[in-house]
Each structure stands twice: as structure tokens, then as C-alpha cells.
Amino acid sequence: AKVLNYATIKHQIGSTSKPLFDYGPAIEYLNWGTGEPIVDEKYSYTNGGNVNNWDLKYMGKMTITDALRMSRNIPAIKTFQKVPSSEIQRFVTNLNMHPEAGMHEAHAIGGYAGESPIDMAAAYAAFANGGYYITPHSYTKIELRDTGEVIEKKVEKSRAMSEETAYMVMSMLQETKTYALGNYSNISGVTFGAKTGTTNYPDSAFSLYNLPSGSVNDLWVVGTSPTYALSVWYGYDSIKPENVEAGYINRYNTIEHTRLFQTLGK
């Protein structure tokens, strides 16, 4: 409670939001399947702002599984727009997410105040737990040495989504992990699903701090198996000119967060 704990500090979550705010609610409330077709094409927000994919390209008709696997922004926002905002709010609140008031469309791609690593791990764990959300806790019991008394931790568990939704999202994440993590997707003997996320600096930061082209802010990997959930945030607290000059800045081709995830998962 009195020290800096990176597990509980909130950051924008980028594309790790897509199973939570987009495809999970669509499967739960619209009865979509993992093969639901959607078109990746030129598109805009409801207010008229342009939406871009990370590669500034469009890939046409695809399934939502492929859209998640390849982290396409436009299909994610289209999906978000099809689900009533009240139902998205219910879905993510059941997973202890913290959306901003009004549930604006940038939530679809993680563009809001953000979540902490511990909250992301707990939310993704529900996909592997048959749809049950379990409140994060740091111990299960305390045994007093002098008296032998055992104090059990009362763990809260609640139904966050249907078992069918959890199963389908988990299957999508299992297909996504190899594409997302590349050479670092193999953890021997473990079947798991995972999604990466990246957030950009605002345009003003590039000129203000003389950031190199391709600089990015937050890097995430969130993965889960039926036994463990693991959330990795990789980034810097703030932009410092001396750090930028020395090269301490993340870029699109950074792989350290995926290497770290694999190492911790082994």
C-alpha cells in the first residue's frame, strides 16, 4: 500500500482490449461464432475520425478469429459498434475493467485511461476458467506457527460470461498467440492463449521530445492457461530527453516484452 507497485499502475492497453471490449461481448450478446465474417476496409469512427490499421492497409473479408490473430483495428471497431454499449459495459465490468464514462469507441482498441497488469491477468484468466472471474489475491491461507490456527483466504468468484463464450474466446487467443509472439510463442508442455498490445505516443510528443520514427509507448502481452494467467507491461514511466538521446525508447520492432513473457511462462 505504501510502495510503488507496477502490478497495480494503469496504462493504456492497446490491442489487448479486443477480446474484452469487442469479440467477447459480440459472442456473448450477439451469438457470434469464431467464424463470423467481417470486412477490413476503409472506415471511420461514428464522429467521422479515420480509423487505421497498424500497417495502413486493408485485408478485405475475414473471420473475427483472423481479425484478432492479425490485430486488425477496423474489424475490432466495427464489432464494438454492433454491440449495445450497455452490454459491453456489463461484460467488462464483470471482468473488473475500468472503462471511461460514455464508453467511447476508442475503447475498442485500448485507447482509454487503461488497466493495471494484475487486472488484465485476472480478466484474461476468466476465458480459461470457464467464464468465471476470480478476484486477484496474494495468498490462500495463513497458518499461525504458535497455535496452528489456519486462516483461509475467502476468494471471490463470480460468473462473468457464459462457458461457451469463454471457450470460443480462448480458442481465438490460442490461435492468436503464435502470430502475436512469433519465435517466443512456444512454452513447452503448456497450452495457452495470448494477445499483444501496443500504444502510440501522441503526434505532439514526437516534436516535443524529438522521438525517433516508430517510437511507441506501452507494450503488452497478456496470456492465460487453465492454470496460470500472466500479464506483462513493458515501458517507461515518462519521456525524459536524456533517455531518448541515449536510445532508451521502445519501437515497433521491440521484442523484449515477448521474450520476457516466454521466459516467465517457462
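1. Let's start with charge: the protein carries 23 positive and 26 negative side chains, and the centres of the two sets are 3 Å apart. Lys and Arg count as positive and Asp and Glu as negative, with His and the chain ends not counted; each charge is placed at NZ of Lys, CZ of Arg, CG of Asp or CD of Glu.

2. Keep in mind that this is a predicted model, where local features need pLDDT of at least 70 and side-chain atom pairs count only at pLDDT 80 or more, while totals for chains, interfaces and linings use all residues. Residues are numbered from 1 along each chain as its sequence is written, and side-chain values use heavy atoms, leaving out hydrogens and water.

3. Now look inside: 43% of the 266 residues are buried, meaning under 20% relative accessible area with a 1.4 Å probe, protein chains only.

4. The largest nonpolar core has 47 residues, and Leu 20, Phe 21, Leu 95, Met 97, Met 120, Phe 127 and Met 161 touch the most other members. Such a core is a set of buried Ala, Val, Leu, Ile, Met, Phe, Trp, Tyr and Cys residues joined through side-chain atoms within 4.5 Å.

5. A second, separate core has 7 residues, among them Ala 194 and Phe 261.

Conventions:
Buried < 20%, exposed > 50% of the residue type's maximum accessible area, 1.4 Å probe, protein only.
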